[in-house]
Amino acid sequence: MAIYKKLEGKPTRILEKIKESLDRLNEKIDAMIEIQKHGQRVNPEISDVLDVMTLLSLPDHLRKTAITLCKIGEATADEVAEQTKRARAVESGYLNQLVIMGYLKKERRGRKAYFYVEKET
Amino acid sequence: MGKIIALHSYKGGTGKTLLSVNLAAIYVKRGKNVCLLDLDFRAPSLHAVFKTNNSEYWLNDYLNGVCEIDKVLVDVTREHGRSGNFFVGLANPATEAIREMSAKDRKWEMRALGRLLSLKTSLLNDMHHDYVIFDTSPGLQYSSINAIVSADVVLVVTSIDKSDIQGTQRMTRELYDLFDKKTGIVMNKVLAEILSSKKEKQKFYKHFNSVHKLPILEAVPCFCDVLRAGGTYIFSEEKTEHPFTNTLDKLATKIEKF
């Protein structure tokens with residue numbers, strides 16, 4: 001009740017919160033699916049290199065996402081989906097798979113998740 | 001919005017540099033702003049064509065992240081411009097630089113791909129070039145595949161040599177198809193008698209269209225005059241009425257519409 005009182009009059013904010021939680025849940029499910037596929041957890045700290053030879057070895061659907069991200073530099077799933085003309089949820093799944101495989105990095109800024117290939121130091 | 005065109009081949013010596021330079025010159029003559037980049041770091045050659053050996057920065061430096069692309073570009077409009085602006089980016093021909101470029105690791109190649117991809121914004125959007133032409137090194141190696149991925153259109157230059165044809169078939173199937181690239185074939189050094197009549201020419205095009213399963217954009221005959229010039233000057237600039245220039249002129253038009 002207390003939470004309800006606190007958020008009273010702010011239905012949009014509640015919906016946004018729910019959407020945010022669902023997005024996070026989706027990402028976790030994607031990660032779990034990937035772990036099941038590989039039989040082990042891929043350490044996100046160990047990054048692999050997304051060079052052209054790696055791009056060649058990726059399955060078609062992931063290659064499209066990876067090349068698009070290479071072209072944009074840094075992007076949200078929405079921005080990648082806009083380029084590939086695929087659904088946002090589909091791109092979010094592929095991007096998270098590429099993160100789990102160690103080819104991409106992911107950073108949360110506020111409510112948005114940004115994906116990028118390793119930045120130059 | 002301009003276009004990035006990469007010229008590539010399976011084997012060396014197919015005429016990528018000759019075609020790149022002359023296509024660039026033809027577009028400049030048509031009033032286009034053109035930027036020609038030497039991405040053959042193992043055997044640089046554009047410095048010899050444009051007689052500039054003392055560039056302050058090379059494309060090697062750009063890919064190394066030492067400088068931005070504007071520092072690399074050499075303005076050759078005064079010597080070679082007709083109506084449009086003409087810029088070239090050179091690869092460092094020093095043996096030490098060639099050795100260094102061939103010893104790069106996968107991480108460097110990944111960053112080089114990022115820098116090549118960003119040329120679309122810097123050269124086409126910001127610097128308003130109409131055409132950027134990549135002269136690449138032959139075969140399947142990092143620098144050429146990076147260039148192919150970064151280009152809008154790829155021209156595969158091939159001869160009628162059997163090993164070249166087979167290698168090109170494999171390369172287009174196993175590489176180009178995967179990257180979903182707009183690709184056209186340019187048959188170079190074709191014997192004049194093969195293209196002697198319209199009927200023979202049609203037969204030739206039909207045959208190689210089915211061999212490569214890609215459009216044959218042009219068949220460039222072998223000309224002794226081109227060999228005689230020995231790369232001492234840009235052929236299409238000097239010999240404006242020569243059949244070689246006319247053939248490349250047709251190719252340039254086809255690429256514009258491709």
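1. Among contacts in chain B between residues at least 6 apart in sequence, 76% join residues at least 24 apart, where two residues are in contact if their C-beta atoms, placed from the backbone, lie within 7 Å. This is a predicted model, in which local features need pLDDT of at least 70 and side-chain atom pairs count only at pLDDT 80 or more, whereas totals for chains, interfaces and linings use all residues. Residues are numbered from 1 along each chain as its sequence is written, and chains are lettered from A and ligands numbered from 1 in the order in which they are written.

2. The secondary structure of chain B comprises 14 helices and eight strands, these being DSSP runs numbered from the N terminus (H or I and at least four residues for helices, E and at least two for strands). The radius of gyration of chain B is 17 Å, close to the 18 Å that the globule rule gives for 258 residues, so chain B is as compact as a globular protein of that length; the radius is taken over C-alpha atoms, and the rule is 2.2 Å times the number of residues to the power 0.38. Along the principal axes, the C-alpha atoms of chain B fill a box of roughly 55 × 40 × 35 Å.

3. Of the 258 residues of chain B, 45% count as buried, a residue being buried if 20 or more other C-beta atoms lie within 10 Å of its own, exposed if 12 or fewer, and partly exposed in between. The largest nonpolar core has 95 residues, and those with the most contacts inside it are B:Ile5, B:Ile133 and B:Phe134; such a core is a set of buried Ala, Val, Leu, Ile, Met, Phe, Trp, Tyr and Cys residues joined through C-beta atoms within 7 Å. Helix α1 (residues 16–29) of chain B supplies the largest share of this core, nine residues. Leaving aside residues up to four places away in sequence, B:Ile133 touches several residues, among them B:Ile5, B:Ser20, B:Val34 and B:Leu36.

4. Chain B has an open sheet of eight strands in the order β3-β4-β2-β5-β1-β6-β7-β8, with mixed pairing, two strands being paired if DSSP finds at least two bridges between them. Its edge strands are β3 (74–75) and β8 (216–221) of chain B, each of which pairs on one side only. Strand β2 (residues 34–39) and strand β4 (residues 86–89) of chain B run parallel and are joined by four bridges; in β4(B), B:Val88 is the bridge partner of B:Leu36.

5. In chain A, three strands form an open sheet in the order β1-β3-β2, with antiparallel pairing. Strands β1 (74–75) and β2 (105–109) of chain A stand at the edges, each with a single partner strand, so one side of each is left without a neighbour in the sheet. Two bridges pair β1(A) with strand β3 (residues 112–116) of chain A in the antiparallel sense, and A:Glu74 stands opposite A:Tyr116 in β3(A).

6. At the interface, 14 residues of chain B are in contact with eleven residues of chain A. The elements giving two or more residues to this side of chain B are α7 (106–117) and α9 (142–150) of chain B, and α7(B) gives the most, with eight residues.

7. A last point concerns B:Lys71, which lies in helix α4 (residues 69–72) of chain B. B:Lys71 counts as partly exposed because it has 14 C-beta neighbours inside 10 Å.
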